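The sequence and the structure are shown first.

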Amino acid sequence: MEWKIGVIGTGAIGREHVRRLADVVQGARVAALSDANAEAARDVAGKYHAAFYRTGEEVIHDKSVDAVLIASPDPSHAGYVLECVRAGKFVFCEKPLATSAEECLKIMEEERKAGKRLVQVGFMRRYDRGYRELRSVLKSGKIGAPLMLHCCHRNLVPGPGHTTDMTVKNSGIHEIDVLRWLLGEEYESGQVLLPKRNRNASAGLMDPQIMLLRTKSGVCADVEINMNSGYGYDIQCEVVGEKGTARLSDPNTAVIREKGRCFYSLYSDWSQRFSEAYDVELQEWINSLEEKNMPSGPSTWDGYAACVTADSLSRARISGTAEKIPLGEQPEFYK
Ligand code: ISE
């Protein structure tokens, strides 16, 4: 069937997803959309022949909408997801699933009442070719058991309204998810270090930050989250194993030699760096709904695990010490 998708939020990522659903993804089309900026949403709706609504709730309850994609600001995610689950609709929610672990627990409760998995969380790195290769290398045992990871997440500039807490809860949350997915285990504790502040950061923003994570088996990851790199968007991940190392490669692009230099260009933002991953992510979401009548990607449990970790790291930033990451057992429903 052709899946009719309702999109809530047509800002930077929402607009990209609308284009993707319309032009790239097979088996789906955008049927309805809304945004707090009604004028912008009306333009996008006109361009893609979709119904325009003033509120997200109207998108969710439009009878022609089979599934919903949420790309509105982070604090609105949990409310819209709950509304979708209560309406029995499949929902793809951009990360983070919520701004606190408590909100995720409510979603889990409602989803269990619904009796089937309806929610997928937009952790798109799991669909990136480099991260997928890295995971197969780890699984193959070629480099032995992983011991340490050295990662960095550098943005050229922060997004609008970025706060100190969002460095972990909006940006670092990608690392939190992808590292537990790469290693296939949960975290034990986490800490946040605040290095010397970058004077180019906006007033009050503590930037950069370093997240230190320790898994239950003792693997340690250091992750630099830098919102004002000054030179480009740069994502790095190196795993050190007992017998070797594996790392993401630098951009897959041409290396240029000219005027006594040898160089390649870097990305300027995440929409370029992960463009292919987003395409694969949405296509696999639609395929899984079509073939299994269930999303196959990151679940509410994954969204919850990431939020529990992010909440602990927020506390750790304030306490200045390592904090326990109190994640319970994964419920059978999500296994
Ligand atoms: C942004 O919201 C994203 O999701 C990007 O992938 C991430 O790299 C960036 O740091 C976030 O602010």
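A residue is called buried under 20% relative accessible area, exposed over 50%, and partly exposed in between, with a 1.4 Å probe and protein chains only. The model is a predicted one, in which local features need pLDDT of at least 70 and side-chain atom pairs count only at pLDDT 80 or more, while totals for chains, interfaces and linings use all residues. Residues are numbered from 1 along each chain as its sequence is written, and side-chain values use heavy atoms, with hydrogens and water left out. Helices (H or I, at least four residues) and strands (E, at least two) are DSSP runs, numbered from the N terminus.

**Backbone features**

Most residues other than glycine have a negative phi, and most peptide bonds are trans. Asn293 is not a glycine, yet its phi is positive, about 55°. This residue follows helix H9 and lies in the loop between H9 and H10. Because its relative accessibility is 39%, Asn293 counts as partly exposed. Lys259 also has a positive phi, of about 45°, and is found in the loop between strand S13 (256-258) and strand S14 (261-263). With 77% relative accessibility, Lys259 counts as exposed.

The peptide bond from Lys95 to Pro96 is cis, with omega near -10°; Pro96 is placed in the loop between strand S5 (90-94) and helix H5 (101-114). The bond from Asp207 to Pro208 is cis with omega near 0°, and Pro208 belongs to the loop between strand S8 (187-193) and strand S9 (209-215).

Helix H9 (residues 275-292) has 18 residues and should span 26 Å at 1.5 Å a residue, which agrees with its end C-alpha atoms being 26 Å apart. The expected span is 1.5 Å times one less than the number of residues. Among the buried residues of H9 are Tyr278, Trp285, Ile286 and Leu289.

Pro298 lies in the loop between H9 and helix H10 (300-319) and, at 1% relative accessibility, counts as buried. Its C-alpha atom is separated by 9.1 Å from that of Met124, 174 residues apart along the chain. Contact means heavy atoms within 4.5 Å. Leaving aside neighbours within four places in sequence, Pro298 is in contact with residues including Arg117, Val119, Phe123 and Tyr127.

**Nonpolar core**

A nonpolar core is a set of buried Ala, Val, Leu, Ile, Met, Phe, Trp, Tyr and Cys residues joined through side-chain atoms within 4.5 Å. The largest has 95 residues, and those with the most contacts inside it are Ile5, Tyr131 and Leu179. With neighbours within four places in sequence left aside, the contacts of Ile5 include Leu21, Val30 and Leu69, as well as Trp285 and Ile286.

**Pockets**

On a 1 Å grid over the protein atoms alone, a pocket is an open set of points where a 1.4 Å probe fits, with protein on both sides within 12 Å along at least five of seven lines; lining residues have an atom within 4 Å of a point.

| Largest | about 1000 Å³ | Ala12, Ile13, Asp74, Asn170 and Trp270 |

Definitions and conventions: Points joined across faces, edges and corners; volume = space filled by probe spheres on them.
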